[in-house]
Amino acid sequence: MIGFGLLIIVATFFFMEFVAWFTHKYVMHGLLWKLHRDHHVKENEHHVFEKNDSFFLIFAIPAMALFAAWGLANVWWAIYPALGITLYGAAYFFVHDLFIHQRARVLRHTDNSYLKAIRKAHKVHHKHLTKEDGECFGMLWVPLKFFREYFSK
């Protein structure tokens, strides 16, 4: 049972990268641009939080529902995708908020090629200040050209 659960957790974690990419490209840069815009165009540098930070709820609600199904309705398998979503959310927080945007001063200077590629792709994403013409919508998986740039050195 542990092997099955671990497989579901890992599969859910990697599936969440696709969900994040899709949501970022088609929802955040589409219908809900009003919430995401302040992440690209800094209107007030004095706020700790952005409207964009509300998206964590959109991603957290399915995990909370699965945890509730597991705990309240005894749906035993629900714990595995709930953990996968939660682990992805934690990775997102550490990579996007702490490492890329430096909401806390960690890993400011890294020689890790993978981390440099992620940071560069995100920087390219942020050069677009409108919802159109965006690129690099992923978080952990970015276009190969950014990996090649750093791994070929």
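Reader: How do the residues lining the largest pocket divide into nonpolar, polar and charged?

Author: Start with the classes: Ala, Val, Leu, Ile, Met, Phe, Trp, Tyr, Cys and Pro count as nonpolar, Asp, Glu, Lys and Arg as charged, and the others, Gly among them, as polar. Here the lining of the largest pocket has 19 nonpolar, seven polar and three charged residues. One caution: this is a predicted model, where local features need pLDDT of at least 70 and side-chain atom pairs count only at pLDDT 80 or more, while totals for chains, interfaces and linings use all residues. Numbering starts from 1 along each chain as its sequence is written, and side-chain values use heavy atoms, with hydrogens and water left out.

Reader: What counts as a pocket, and what as a cavity?

Author: Rolling a probe the size of a water molecule over the atoms shows where empty space is left. On a 1 Å grid over the protein atoms alone, a cavity is a set of points where a 1.4 Å probe fits but cannot get out, and a pocket is an open set with protein on both sides within 12 Å along at least five of seven lines; lining residues have an atom within 4 Å of a point. Grid points are joined across faces, edges and corners, and a volume is the space filled by probe spheres set on the points. The largest pocket has a volume of about 610 Å³. Its lining takes in 29 residues, with Phe-55, Phe-56, Phe-59, Gly-89 and Tyr-92 nearest the centre. Helix H1 (2–31), helix H3 (55–72) and helix H4 (79–100) are the elements giving two or more residues to that lining, and H4 gives the most, nine.

Reader: How many helices and strands are there?

Author: Helices (H or I, at least four residues) and strands (E, at least two) are DSSP runs, numbered from the N terminus. The protein has six helices and zero strands.

Reader: And which residues line the largest cavity?

Author: The count is one cavity of 30 Å³ or more, and about 40 Å³ of space lies in the largest cavity. His-24, Met-28, His-36, His-39, Asn-52, Tyr-92, His-96 and His-122 line it. By class that's two nonpolar, six polar and no charged residues.

Reader: On to charges. How many salt bridges turn up?

Author: A salt bridge is a side-chain nitrogen of Lys or Arg within 4 Å of a carboxyl oxygen of Asp or Glu. The whole structure has one, and it joins the side chains of Glu-135 and Lys-127 at 3.7 Å, N to O.

Reader: Are those two partners buried or exposed?

Author: Buried means under 20% relative accessible area, exposed over 50%, partly exposed in between (1.4 Å probe, protein chains only). Glu-135 is partly exposed at 24%, whereas Lys-127 is exposed at 55%.

Reader: What about Asp-38: which side chain of opposite charge is nearest?

Author: For charge, Lys and Arg count as positive and Asp and Glu as negative; His and the chain ends are not counted. Asp-38 lies in helix H2 (residues 33–40). Asp-38 is buried yet has no salt bridge, and Lys-51, the nearest side chain of opposite charge, is 5.8 Å away. The side chain of Asp-38 does reach the backbone nitrogen of Asn-52, at 3.2 Å.

Terms used. A polar contact is a pair of N or O atoms within 3.5 Å; within protein, one must be able to donate a hydrogen and the other to accept it, and residues adjacent in sequence count only if both atoms are side-chain atoms.
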